[in-house]
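User: I would like to learn how to read a few features of a protein model, one after another. Could you give me the general idea each time, and then the case at hand?

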Amino acid sequence: MTDTTGQTKPKMPGQIPYIIANEGCERFSFYGMRNILTPFLITSLLLSIPEHLRAAMAKEVFHTFVIGVYFFPLLGGWLSDRFFGKYNTVFWLSLVYCCGHACLAIFENNINGFYFGLFLIALGSGGIKPLVSSFVGDQFDKSNRSLAQKVFDAFYWIINFGSFFASLLMPIFLKKFGASVAFGIPGILMFIATVIFWSGRKKYVHVPISAKNPHSFLNVVRTALFGNQKGAGTGIAVIGMIAAVGSLTLIPAIGIVAAFCLALVLVLGFGGIGAWMQLETARGTHPDEAVDGVRSVLRILVVFALVTPFWSLFDQKASTWVLQADAMTKPEWFQSAQMQALNPALVMILIPFNNLILFPLFKKLGIELTALRRMGLGIAFSGLAWIVVGFMQLAIDGGDAISIVWQILPYALLTFGEVLVSATGLEFAYSQAPLAMKGVIMSFWNLSVTIGNLWVLLSNSSVKSPAVTEQIKQTGISVTAFQMFFFAGFALLAAFLFALYARTYKMQNNYRSA
């Protein structure tokens with residue numbers, strides 16, 4: 001089909017509906033179990049723990065699980081890019097995912113069996129997470145890439161369609177029918193998602209696995225840091241490694257998951273800085289194209305690092321905000337966890353509103369909301385949401401009866417921020433990644449969520465210290481309210497730094513040729 005200018009109109013790939021339908025069912029299954037996890041832990045699985053410690057333990061278990069979900073994308077991306085390809089990796093890990101749901105339904109009264117089920121879900125869900133979204137990108141080429149952002153928006157919309165109904169219904173099923181049914185239904189939806197994905201196997205574009213590359217990202221970085229021309233960058237990388245090993249001594253204080261993730265952050269952070277400083281020394285050993293590609297990836301990772309505070313705030317809506325909702329007035333029939341349904345409902349409204357009304361309006365006014373500008377604004381809006389939540393907590397601590405209806409305002413601010421950060425970030429991550437590293441770069445995008453949840457665990461661990469608690473008491477506010485304002489400031493500072501960095505970032509177009 002051609003338009004009036006004689007140019008061929010881009011065509012939507014026919015296999016996209018299979019991927020979108022799979023994602024809708026999979027997201028229902030994930031959010032169906034995730035959004036009832038904190039209430040279930042407090043009211044059932046953790047009853048053997050003293051009551052005053054249950055909320056903190058449930059929050060720790062929840063964020064540890066989320067860390068796993070967003071850490072395993074590294075494994076999934078590596079397996080896909082180096083061995084099995086995206087389709088095969090997604091299919092087999094989806095079956096692992098189904099087994100995890102089965103464990104939750106079967107072992108509702110067995111803490112070890114239940115935690116094993118959480119591990120399998122983290123492995124399955126996390127392993128496929130970067131691959132499904134990058135698999136969407138693989139279905140496009142330069143002739144129809146203009147349609148890709150619309151599909152990524154539709155992709156994100158269907159995620160929230162599944163999340164909405166899961167958030168609304170699963171708390172009711174948990175209360176009326178028990179944990180086996182409430183955790184079993186998401187398992188059935190995950191099995192349906194796997195069947196749908198399998199059904200489209202003959203229609204997909206399968207991008208071949210890249211051959212083992214002597215000039216890969218890791219090889220270039222290794223040459224830069226530990227080649228013949230060692231320098232200050234090498235020293236910085238070594239300091240990071242030593243600090244990472246030292247962080248493992250914190251296991252008794254913060255737990256093995258948090259300590260391991262902190263070690264990973266130290267290695268990535270110091271190693272990345274060192275590699276940036278010495279990258280030019282890799283020229284000659286590696287071609288200019290490979291060295292320039294590594295510098296491009298390092299620039300992308302800085303963007304991802306600055307997004308991590310957003311995830312610290314966003315994921316606490318399923319823990320900290322649910323616990324706050326428990327202390328608010330509400331109808332007897334309404335469950336605190338159901339409030340989370342507001343988030344996906346708003347996303348489904350905001351995505352078309354932004355694309356059809358808000359962004360075109362700004363464009364007419366001469367304001368171009370680029371991907372990086374959207375993401376920076378999104379981080380700032382999440383900080384504003386937590387300022388509102390903090391003031392609500394002050395009122396609750398003061399003995400005021402606050403209606404749960406007031407949570408609509410912070411949910412609206414946080415969700416607007418989510419749409420600007422997450423929906424935009426999916427396409428940004430894919431478009432900026434070099435062709436040979438699509439799966440791994442999408443994995444690093446998901447790793448930013450892991451690091452965001454790491455900040456939550458470290459914050460929770462720090463306030464367990466009597467010295468820190470005493471310092472907070474001297475401010476005259478509760479520990480909970482103090483943490484809320486702390487995270488708000490954390491996000492606003494990150495938004496400011498993001499805006500500064502975005503001014504120097506050069507956008508890439510790394511879609512495959514037609």
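Predicted model: local features only at pLDDT ≥ 70, side-chain atom pairs only at ≥ 80, totals over all residues.

User: Which residue does the side chain of D288 meet in a salt bridge, and at what N to O distance?

Analyst: The side chain of D288 meets that of R283, at 3.1 Å from N to O. R283 also forms a salt bridge with E280, where the N to O distance is 2.5 Å. By the rule used here, which asks for a side-chain nitrogen of Lys or Arg within 4 Å of a carboxyl oxygen of Asp or Glu, the count comes to 7 salt bridges.

User: How do I check the length of a helix, and what span should the 21 residues of α7 have?

Analyst: The check compares an expected span with the distance between the end C-alpha atoms. At 1.5 Å a residue, helix α7 (residues 179–199) should span 30 Å, and its end C-alpha atoms are 31 Å apart, which agrees.

User: Which residues of α7 are buried?

Analyst: The buried residues in α7 are A179, A182, F183, P186, G187, L189, M190, A193, T194 and F197. They lie on the same side of α7, because they cover an arc of only 160 degrees around the axis.

User: Which residues make the nonpolar surface patch?

Analyst: The patch, of about 440 Å², is made by W157, F161, F165, L168, L169 and I172. To take one member, W157 is placed in helix α6, residues 148–177, and with a relative accessibility of 31% W157 counts as partly exposed.

User: How many disulfides does the structure hold?

Analyst: A disulfide is a covalent bond between the sulfur atoms of two cysteines. This structure holds 0 disulfides. The sulfur of C25 is 11 Å from the closest cysteine sulfur, in C98, which is too far for a bond. C99 is in no disulfide either, since the nearest cysteine sulfur, that of C98, is 6.9 Å away, whereas the cut-off is 2.5 Å. C25 is buried, with a relative accessible area of 15%, while C99 counts as partly exposed at 44%.

User: Finally, how far apart are E60 and S461 in sequence and in space?

Analyst: Here two separations are read side by side. E60 and S461 are 401 residues apart in sequence, and 9.3 Å apart in space from C-alpha to C-alpha. E60 has its place in helix α3, residues 51–71, and is partly exposed, with a relative accessible area of 27%.

Notes:
Residues numbered from 1 in each chain as written. Heavy atoms only, no water. Helix = DSSP H or I, 4+ residues; strand = E, 2+ residues; numbered from the N terminus. Expected span 1.5 Å × (residues − 1). Buried < 20%, exposed > 50% of the residue type's maximum accessible area, 1.4 Å probe, protein only. Arc of directions from axis to C-beta. Patch = residues over 30% accessible without salt bridge, like charges linked within 9 Å, V, L, I, M, F, W, Y side chains within 5 Å. Areas by Shrake-Rupley, 256 points an atom, 1.4 Å probe, with all protein chains shown as cover.
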